[in-house]
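Dear colleague,

Please find the structure below, handed over for your work. My notes on it follow directly after.

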Amino acid sequence: MAEVDVEVAVVGAGLAGLTAARRLHRADRRVAVIEARDRVGGRTLTRDEGAYWLDLGGQWIGPTQTRVRSLVDELGLTTFKTHTQGENLVEWDSRLRRYTGTIPKLDPLGLADVGQALLRLDRMAKDVPTDAPWTAPDAMELDAQTVWSWMQRGMKTDKGRQLLTLAVNAVFAVEPQDLSLLHLLFYANAAGGMDALVDTEGGAQDSRIVGGTQQLSDAMAVELGDRVHRGHPARRIIQRDDRVRIEADGLTVDAHYVIVAIPPTLAGRLEYEPRLPAARDQLTQRMPQGTVIKCHAVYDEPFWRAAGLSGAATSNLGPVKVVFDNSPPGGEVGILMGFLEGQAARDLGGVTPAERRAFVLEVFERLFGPRAARPEHYLDKSWADDEFSRGCYGAVMVPGGWTGFGPALRQPVGLIHWAGAETATTWSGYMDGAVRSGERAAAEVTARLLRRKADEPPARAV
């Protein structure tokens, strides 16, 4: 059993945990990072295939995501725009259409309905404080209903509801009946509006990192060196007076403070001594992870571009409902990437990999023709099956969660501080939010360390 003694321990070597540890290390604080996996990166995961790479986890960066962009620049990485040139595809009720711009050519009444719904959501979202959603006007009423129930009352057409459902699936990887309306409004305001969440150009899907997003975590881990302890799942956090001990498989870390930088539902599975306050434990029971399977099909070229297509497609038939051109910037190979989200991911998470591949390629063939059914390589990643994520893209808040337990999300518990994308007040749930949360947690702990130093009695002269 290895034993380490530091000032600050960090549980989780994703973007949040590594950002916090790096900040503390650069401030000359003794820090140790405890990571369950044999790799760093958390919910980012890049597979290097030589001539190309596959981001099996988080991959996009938007123009207003300034903190992760600063990290990209600082580490000397480069970005490129998501491919959008050409016509998009929409498959609706078994009919395939081509269109340009951001709005597909569908039933005008349905488009008007979803357009009005998005405007109303944006107006309501502006009244939800991202640092305290439970204080919003009508917070109890908003938190008492699901997005689905609001859609039933506030929208007039089935097509409009289907379109908004597609947006909810794409952003949260859950169904509208799974999440609180207040949570959707908080999330939208934290991102700068609904358009920022769903748009490609200028939105959350604007750009990618050349070589993949895991480079961010890999580079920070290299800087931290042997302070990052991989392959040690944390099991128990014990607080005694002014010290905290983290017991992990094969490793014990003693520290003044600990930053827990893993998803709330996983943080709730750790053992704590003394027990967590009831509000914090109940909070973690109300923040389930979304369900998503990210699917890649690799071809010898992006053949759809020759047909005037962008590679972006939407389908209401599914099971893949959103598709992107995920090819590298030079187009050396062609990559179609599709998402199984929400109920579709739940359904196909239980079939064999071969069966799931067949379902996905059937959709690609319907959209892009027979050539799409014959990729040179296919790879998907079911994040709900990942032992140390148990879902993606992030956690959602169920009805009653924010108003009943929201203050416990970021409030320290004794010597324990909380980080992770879900704790961010700007771009919550995204890589940018993860970086911001790590910066915040590091600042909180640094302030406490300085106060601790100031409160120490002066050394006696010998």
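Trp427 is buried, at a relative accessible area of 3% (buried means under 20%, exposed over 50%, partly exposed in between, with a 1.4 Å probe and protein chains only). This is a predicted model, in which local features need pLDDT of at least 70 and side-chain atom pairs count only at pLDDT 80 or more, while totals for chains, interfaces and linings use all residues. Residues are numbered from 1 along each chain as its sequence is written, and side-chain values use heavy atoms, with hydrogens and water left out.

Trp427 lies in the loop between β22 (416-418) and α15 (431-455); helices (H or I, at least four residues) and strands (E, at least two) are DSSP runs, numbered from the N terminus. Beyond residues up to four places away in sequence, Trp427 touches Thr64, Gln65, Ala190, Ala191, Ala196, Leu197, Ala204, Asp432 and Gly433, where contact means heavy atoms within 4.5 Å. From Trp427 to Gly62 the C-alpha distance is 9.9 Å, although 365 residues separate them in sequence.

Turning to the strands, β6, β10 and β7 form an open antiparallel sheet in the order β6-β10-β7 (two strands pair if DSSP finds at least two bridges between them). Its edge strands, β6 (60-61) and β7 (79-81), each pair on one side only. Three bridges link β7 to β10 (residues 207-209), and Phe80 stands opposite Arg208 in β10.
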